[in-house]
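Okay everyone, thanks for coming. Let me put the structure up on the screen, and then we'll walk through it together.

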Amino acid sequence: MALRTHVTDPNRSTFSRRAFVLFGAQTAIAAVLGGRMYQLQIIEGEDHAARGRRARIKPSLLAPVRGQIFDRRGKPLAVNRQNYRVVLYREEAEDIGDTLDRLAKIIEISAPRRLALMKEIKSTKAFLPVVIAENLSWDEFAEVNANAPALPGIAPEVGLTRHYPQTDFAGHITGYVASPSEKDIDRAGDERAVLKLPGMRIGKSGVEQIEETALRGKAGLIRVEKDVHGRPIRELEHRDGIAGEDLKLTLNFDLQKYAMQRLGEESGSVVVMDIYDGDVLAMASSPGFDPNGFVLGLSQADWVALRDDEKRPLSHKAVAGLYPPGSTFKMVVALAALQAGLIGGGHAVHCGGYIELGSHRFHCWKRYGHGVMNLEDALKQSCDIFFYDLAKRVGIDRLAETARKFGIGTLPEIGLLGTKSGIMPDKAWKRANRNEPWHAGETLHAGIGQGYMLASPLQLAVMTARIANGGYQVHPRLVGERNGERVKARSLTGTGMREADIDMVKQAMFAVVNERRGTAYKSRIDYEGRRMAGKTGTAQVRRITTAERGTGVLKNDELPWRLRDHALFVAYAPADEPRYAISVIVEHGGGGSSVAAPIARDVMLKLQFPKEVPEGAVPEGADPMFMPPKATAEKDDDSDSEDA
Amino acid sequence: MATLLHDPSRISPTLTQKLLSLNWALVALIIIVATIGFGMQFSAANGNVDPWARLQMIRFAISFIGMFVVAMIDIRFWRGTAYIFYAFALLLLVGVEVAGTVGMGAQRWIHIGPIRLQPSELMKIALVVALARYFHDLNPARIKNIFILIPPLIMITLPAVLVVKQPDLGTAVLLCAGGFVIMFLAGTNMWFFAALTVGLGGAVYAVFASKGQEWQLLKDYQYRRIDVFLNPALDPRGAGYHISQSKTAFGSGGSFGEGYLQGPLSRLDFLPEKHTDFIFTVLGEEFGLAGAIALLVIYVLILLLGLGSTLRIKHVFGRLVASGVCMTFFAYFAINMAMVMGLAPVVGVPLPLISYGGTSMLVLLFGFGLLLSAQIHGQVAFPRRGSML
């Protein structure tokens, strides 16, 4: 048999040999393949596994719920409101056009909007939602829900949007949120990714802006496994974020609203603060603006209208408006002189209507003079000559030093965007800013709060508070509670003033309002224990020429609005046991006594008698108290004290 | 009776004898591999029998029966029909060229009634059978003669060129490799292989030299695949994407894998063609090195059983058919594994008995049928020359 095979098949041994070689070669190649498996899975295995995880697991952030803002008694100022909206998922829609047609029967979809939507839907991944309509009414939303089976791909959703229920009454204080700009994102550092979340809004002004970090909270994190197309498959990790802090402001919204209404059409500001803990109870700036417009984006036309308004509604005048303090500054001049020991209680000056310095005449507002004036009379009747003389004695540098202790020329520590420090000029300031030496005449101007001097309503309120509390450096503050925990007030430091000196000035301020011939006598509160002490001011905006003085100074009514004087008034109450300080400024309003003082009186009445002003508190012959339109006649369950 | 038993080569064995002498170990291994395949099809469909596993099982069942039928038929019949088979396959290849369906950028499919056929797959076996017959019929004394190599070279080149034109470089390489291995095993002159090596080197050079020329030998996408294979970083999101994704998923398997049905990248569609060309990656990700090596070992065992049995076959046709089938089988799994592990360019070669696909399953089991037939009929005597049966 073997022989036979050999005969028929002489190449069999060659085949066997070569088959062996072939199998050897194949085994060798298989070994190489095995080696490659080892290399990929064992040697490089962890690298590949890590790369695989990076490719499929995508972390994404969960937007934290923004903290809400309330007034000191819990009235909502900035809240998160449910936003009913309708989105479309392309992968679930059969015929997008048909679905939109049917949806359009329930909610309005204009033709251009429809066109834009179709484009957006086509360019969005099939499994991602496209927002069809937002801020639907509940009725619309409910109807979409009811018709959901007939609207394949349409999903009703509830999101959160910021809402400011008090509209323009507190707009300057709450500020507003808006989509972060490129710059905001660049500056955000670690929070960049949070700001890039869709629908993310950040504070752009007001408390929303200064308390951004607290209000925003911390973003949560989810790690989602996604397929190669980016479609989420399952959640691997879910870490909830920390909601932003709820803030209770020091603001008394009822008072704030009243102050806004009281200012009415005027352009101006009212600031009310607690003279001990610095709580800002009202900080009205008129005209106001509605922050809600900014949340969803303002139209260009609306924006331009706001920006170009002569009365600057977007400017928070309480902190950003600067005005010559005028006669309201005279208390500081008196205190500087008393502190320096230059005058005593018996000091008196004769006012003849003007004094001369070199070749210049400095006029009193009263053309033929006040006669002999002591400190109390001079403040009460706001005699300019007395304070020209005092300023000259004190000198500008000493005056500035005292003024700064009362907050004039220093930045109020309230943090609000646009807060200004104003100007308290002295020799160094003029050298640095004007590169000119100081002129003696400028000291006289400073003595009546004119010249270079500029202060904001908040600064004037702070100044008044520091006088009222006996000379302690109180700082204004806006945030009273964070997540229900009281924020401790800063401890007070002294200004170095003598109590007797302060009392003397306070006595004079009492006389301004409560004594006949006082400039604010017509705005007195005639109620024991609720009386007000204060000081009027009228800040000149234009220069009065000698020629005009000769023919008689023009009345404000005869001037265009922009050239009229600013009306100012600062006060504290109750006079015998002070608690609150107020500053009022009405831009181009005219005289402080006739325009600003009545506003201050009304606000103080509202503050001290929140329920009903007792008969006789507004004496006969005085302007009647302003009663706001009936919209404010809502239930008021507060006691006399505004503390909750 | 006794004389008949003493001279088994004179007559055909009975059906019972055939079944007894069947290489059952090989059959068992084939079933094991196919079963692994069903499991992987099930996994590739994220744990569903549809769309792949069920159909694959039906195809295997039909092909498996076909394998038995082929194995039972006398090997001499297959020698007789060898050239007809080859001519038929060649005709289909030409038919594809004329009326084929374009699938995945290449013309590969032909429809015969309800059956969709890939003639290039059929040709792999047809070529093996035809070459085996050629060398079987050849006078053994002339085997070292160089001129006898001309007909087999034509037999290899003709289908290879047609397949390249489809274009399907992978199959063309498989055809050539299978053909040359048969020529080698037939005992042809070693000088020929020396010359072939030089010739192939020249051809590879020509392929690269022709790039961008008017006479460019390969399609642009084939060059791109080669470029990307040589440097996957060239195009990480495009052509190199397949290779890098496959390596990542395969490597993620580690020692024991992520677990059956648990391969994350396979689950999440990161793998292209995960049920066909890249099924080995799914296996690697889910079963790790242990699973991958196990499959490799089974494949090598099939090779060993196949090639080992050829040594007992007494006729040239049987030996060459059996070893040709083994070579084709080897080329399938070696190229596919090399491809998904980034050792070879992506050329579209399936993993034998595991990748989803009807034609390759049918053709492979037909091939194994021939191999088994050659073993069963290893002792039969052929008429000395030329005649059909």
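**A walk through chains A and B**

Let's start with chain A: the centres of its domain 1 and domain 2, taken over C-alpha atoms, are 55 Å apart. Keep in mind that what you're looking at is a predicted model. If you want to find those domains, the assignment puts domain 1 at 79-165, while domain 2 comes in two pieces, 253-290 and 315-632.

Now over to chain B. The chain has 389 residues, and 58% of them count as buried. Take the contacts in chain B with a separation of 6 or more: 74% of them are between residues 24 or more positions apart.

Next, the place where the two chains meet. On the chain B side, three residues stand out: B:Leu268, B:Lys314 and B:Arg319 supply 15% of the area that chain B buries against chain A, more than any other three residues.

What about salt bridges, how many are there between chain B and chain A? The count is 0. There are polar contacts, though: 9 residue pairs across the interface, with both residues at pLDDT 80 or more.

Let me show you a few in chain A.

Here's A:Asp426, which pairs with A:Arg404, with the closest N and O atoms 2.8 Å apart. A:Asp426 sits in the loop between α19 (396-405) and α20 (427-434), and A:Arg404 is in helix α19, so this pair ties together parts that are 22 residues apart in sequence. Is A:Asp426 buried or exposed? A:Asp426 is buried, because its relative accessible area is 11% and the cut-off for buried is under 20%.

Another one is A:Arg192 with A:Asp186, where the closest N and O atoms are 3.8 Å apart. Here A:Arg192 counts as partly exposed at 33% relative accessibility, and A:Asp186 counts as exposed at 52%. Then there's A:Arg531 with A:Glu528, at 3.2 Å from N to O. A:Glu528 is exposed as well, with 57% relative accessibility. And some salt bridges share partners: A:Arg66, A:Arg162, A:Glu191, A:Glu208, A:Glu212, A:Arg216 and A:Lys218 are joined into one network that way.

Now a look at A:Glu211, in the loop between α10 (206-210) and α11 (212-216) of chain A. A:Glu211 is buried, at 12% relative accessible area. Setting aside neighbours within four places in sequence, A:Glu211 touches A:Leu247, A:Val479 and A:Arg482.

How many residues of α16 (330-339) in chain A are buried? It's 9 of the 10, so this helix is mostly covered. Among the buried ones are A:Met331, A:Val332, A:Leu335 and A:Leu338. Just after α16(A), look for A:Gly341, which has a positive phi of about 75°.

Last stop, some backbone details. In chain A, the peptide bond joining A:Ala573 and A:Pro574 is cis, with omega about -15°. A:Pro574 is in the loop between β22 (566-573) and β23 (580-586). Chain B has a cis bond from B:Asp50 to B:Pro51, with omega near 0°, and B:Pro51 is in the loop between α3 (24-44) and α4 (53-72).

Which residues other than glycine have a positive phi? One is A:Arg517, at about 75°, in the loop between α23 (499-514) and β21 (533-539) of chain A. A:Arg517 is exposed, at 63%. Another is B:Asp269, with phi near 65°. B:Asp269 lies in the loop between α12 and α13 of chain B, and is partly exposed at 35%.

Technical notes
Residues are numbered from 1 along each chain as its sequence is written. Chains are lettered from A and ligands numbered from 1 in the order in which they are written. This is a predicted model: local features need pLDDT of at least 70, side-chain atom pairs count only at pLDDT 80 or more; totals for chains, interfaces and linings use all residues. Side-chain values use heavy atoms; hydrogens and water are left out. Buried area is the accessible area (1.4 Å probe) that two parts lose on being put together, summed over both. A salt bridge is a side-chain nitrogen of Lys or Arg within 4 Å of a carboxyl oxygen of Asp or Glu. A polar contact is a pair of N or O atoms within 3.5 Å; within protein, one must be able to donate a hydrogen and the other to accept it, and residues adjacent in sequence count only if both atoms are side-chain atoms. Buried means under 20% relative accessible area, exposed over 50%, partly exposed in between (1.4 Å probe, protein chains only). Helices (H or I, at least four residues) and strands (E, at least two) are DSSP runs, numbered from the N terminus. Contact means heavy atoms within 4.5 Å. Domain bounds come from an automatic or database domain assignment.
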